[in-house]
Amino acid sequence: MLHGATKRLVSTSCYLRPSVLSLRSRFCHSLSFSTGYGQFIPSRFFIAHEGLLDYFDHLLQRSSSFQHPKQVHTQIILRGCYRSAFLAARLISIYSQFGLISDARRVFRTTPCGCKSNLLLWNSILRANLRHGNHEETVRLYIGMKNDGVVADGFTLPLVVRACASIGGPKLCTCMHSHVLQTGLQNHLHVVNELLGMYAKVGRMDIAGKLFDRMPVRSQISWNTMISGFSRSCDCVGALEMFKRMELEGFEPNIVTWTSLLSSHARCGCDGKTLELFGSMRGRGIEVNAESLAVVLSACADLAAFAEGKMIHGYVVKSGFEELIVTNSLICLYGKHGDIECAKNLFLEMEMKDIVSWNSLITAYAESGFCEEASEIFSQLQKFDQCITMRPNVVTWSVIIDGFASKGCGKEALEQFRRMRLANVMANSVTVSSVLSVCAGLGAPLLGRELHAHAVRALMDSNILVGNGLINMYTKCGSLKKGCLVFENMNHHDLISWNSMIAGYGMHGYGDNALETFEQMVKEGFQPDAVTFIALLSACAHAGYVAEGRKLFNKMSEVFGIQPEMEHYACMVDLLSRSGLIEEASKMVKNMPMEPNAFVWGALLNSSRVHKNAEVAEETASHIFRLDSEAAGSYMLLSNIYAARGRWEDAAKVRLSAKTNGIKKTPGHSWIEVKNKVYTFSSAKVPKDLEEIYRILKDLTHRMESEGYKPDKSFVLQDVNEDEKKQILLGHSEKLAIAFGHAKLPPTMPIRIMKNLRVCGDCHSWTKYFSKITGREIIVRDARRFHHFLDGFCSCKDYW
């Protein structure tokens, strides 16, 4: 049908062209409407119908503004040519080119039913909808076309396949593939190329590979599509193998091939290999393009190859490649290396900017810790809200949210997330992951569960980034079981998944589970990294597994080739000294291959407090003070050690020294989430509207004392009388938060408390008795670990 129509039009066009040319030179002043070229259509001149169709077609193709097709469309209706399926198809195409998709759809709807059997008309409306991103509408139209009995051809199916690829979903793609087989076009080159791209887009490179191998004929596009698919799937090995196979079969890789190959390695984090391949490409005489330069610049940014990036910048300037995509990549390069001034200057010098340009600059500021400046630029971008293409998108919002989250400004990050939702911007996996990390830091499980529900509804729960974020959120919010459930239900795990579970078990005191998870991880072929062993050694420290910790510390270098870093030594010193092996811990510190930092000495100092060893504490503290560290905790810890032994003058001297050096004590505070609102309590400070908390506390403590609780006044590190000490203990922040939770939360709901400092011994004992007399479960996360209190017992077994 299509070929017949095309032949008619070609023959008619050739035959009638002289008439058309003659028409243009005549009746210039017999105006009906202007064509924009200085000629006009005559209002009273008879032309053969075929010639008129050809003339209108010519005018439509010469349209230079959106008014022209509308004027021609008017004349088509007036001249009675609206019954032409060919002109309707041309009108749809031209309207689509000028972004007038509503007009294009109107043409299709108003075309007489007799024309709806014309395949050219259907192809035009399918292509118009696809061009404007209306993928669901494209598929819906195709179903209607099929129901009308119009048979698709090699031009129709690629359009529908592309729409299915954009919609995504393995079932839809498989259904479309089946339909291709039914039409008998499974060997049509253009159709199969689109099928390759479809399966690549939905991450099914296994099916794409089988389809590719069965192709009787392949083109350059076939090879490029496969390599691009491997790149999209972050499979640089598969991309390189396909590249080599392409050369063996006699195809010459072009710049598109090379760009896909470079992109595959950049996406996999193989930035050194990306630069190496770029050198090979240049060595073969392949001319670079803007896309390949952008990929290499991104590799330079991630590789910390700033010098190479600057060299490429020089090449860009000399060669005139200062295109939008390249300049955006340069802004990212300078931003990643902290050269904010250069990134800003590049941005200001750009004549044309797009949303990526703004996102690149905002990212540069946010990743360098300048969140306020990033927010200011974000506010400037919002002034372009009337322009759809310049509105802040999900990337913009995600950058701002992640910037505040990385800086530890959790409340500001959540406020930005709230504003994003009000702006009706749908969160993606990166946004959800960032907000989940904020929930983990703040201990906000209610919001975390809301995000989990959103991820399920948006079909993001299978995304590994979201899955890892959920594990981290649940384990850090005290819901270890839910974290385990998320891990078990994940289709795939990566190293972060395993590390998150090991760390989760460790901070909850389940050392055995942490070790078992590690063994399972190794069995499944995962290579542990430095983070894995930090999590493992920390788990051993919380559980008191000295022998296992020693084995793991030795195994990291002997078996896995990972040299211990400062964090690993800090974990080992903590493990040994907390187990009472202070002499062995001190020896390890002295024999470290690097100079111990404040964290290593701090681990030894903390254990000296636990074991009441003032002599080791004094020596350890002197090392910390010599490091010129501003660790207020170290001063306070030494002061507390003196106070606990009744050495009040020495305690006062340490506090005075801290004050002289401008070091302020970090005030202890605890917080609890109730009905999506976070309430914070400081020691002995209760909001005026919550003064009844003290009454609840006194009643609870009185009941506990009848059950055997005795306030441990040794944790009052002030030289005051006994009654005052008892009152001070009653005002500790975690007790205030627990009493508040007891009053505000349902009896069956666990009370979850977060604390910025280590829980003291008296509060630990008090909470055990609280769980016994109330029958409630209390989950406390302090600066070191989790404590699960129930029926008078704690999960830490009094070892913390």
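**Sheet strands, aromatic pairs and a surface patch**

Ile778 has Phe789, a residue of strand 5, as its bridge partner. The model is a predicted one, in which local features require pLDDT of at least 70 and side-chain atom pairs count only at pLDDT 80 or more, whereas totals for chains, interfaces and linings use all residues. Residues are numbered from 1 along each chain as its sequence is written, and side-chain values use heavy atoms, with hydrogens and water left out.

Strand 4 (residues 778-781) pairs with strand 5 in the antiparallel sense over four bridges, and the two strands form a hairpin with four residues between them. Helices (H or I, at least four residues) and strands (E, at least two) are DSSP runs numbered from the N terminus, and two strands are taken to pair if DSSP finds at least two bridges between them. Strand 5 (residues 786-790) is also joined to strand 6 by two bridges, again in the antiparallel sense, and Leu790 stands opposite Phe793 of strand 6. Strand 5 and strand 6 likewise form a hairpin, here with two residues between them, and Asp791 in the turn has a positive phi of about 55°. Four of the five residues of strand 5 are buried, so that this strand is mostly covered; buried denotes under 20% relative accessible area, exposed over 50%, and partly exposed the range in between (1.4 Å probe, protein chains only).

These strands belong to an open sheet of six strands with mixed pairing and the order 2-1-3-4-5-6. Strand 2 (677-682) and strand 6 (793-794) stand at the edges with a single partner strand each, so one side of each is left without a neighbour in the sheet.

A search of the whole structure finds 19 aromatic pairs, a pair being counted where ring centres of Phe, Tyr and Trp (its six-membered ring) lie within 6.5 Å, with planes under 30 degrees apart classed as stacked, over 60 as edge-to-face and the rest as tilted. Among them, Phe243 and Trp258 form an edge-to-face pair, at 4.9 Å centre to centre and with 65° between the planes. Phe243 lies in helix 13 (residues 236-248) and Trp258 in helix 14 (residues 255-267), so this pair ties together parts that are 15 residues apart in sequence. Phe243 is buried, with a relative accessible area of 4%, and Trp258 is buried at 2%. Phe378 and Trp397 also form an edge-to-face pair, at 4.7 Å centre to centre and with 70° between the planes. This pair links distant parts of the chain, with Phe378 in helix 21 (residues 371-382) and Trp397 in helix 22 (residues 394-406), 19 residues apart. Phe378 is buried, with a relative accessible area of 1%, and Trp397 counts as buried at 2%.

One aromatic cluster is formed by Phe212, Trp223 and Phe251. The charged end of Arg218 sits over the ring of Phe212, 4.3 Å from its centre, where such an arrangement requires NZ of Lys or CZ of Arg within 6 Å of the ring centre and within 35 degrees of the ring normal. The charged end of Lys353 sits over the ring of Phe347, 5.0 Å from the ring centre.

On the surface, Val430, Ile464 and Leu465 form a nonpolar patch with about 200 Å² of accessible area together. Ile464, found in helix 26 (residues 464-476), is partly exposed, with a relative accessible area of 31%. Patches are made of residues with over 30% relative accessible area and no salt bridge, like charges being joined within 9 Å and nonpolar side chains (Val, Leu, Ile, Met, Phe, Trp, Tyr) within 5 Å.

Note on methods
Areas by Shrake-Rupley, 256 points an atom, 1.4 Å probe, with all protein chains shown as cover. Salt bridge = Lys/Arg side-chain N within 4 Å of Asp/Glu carboxyl O.
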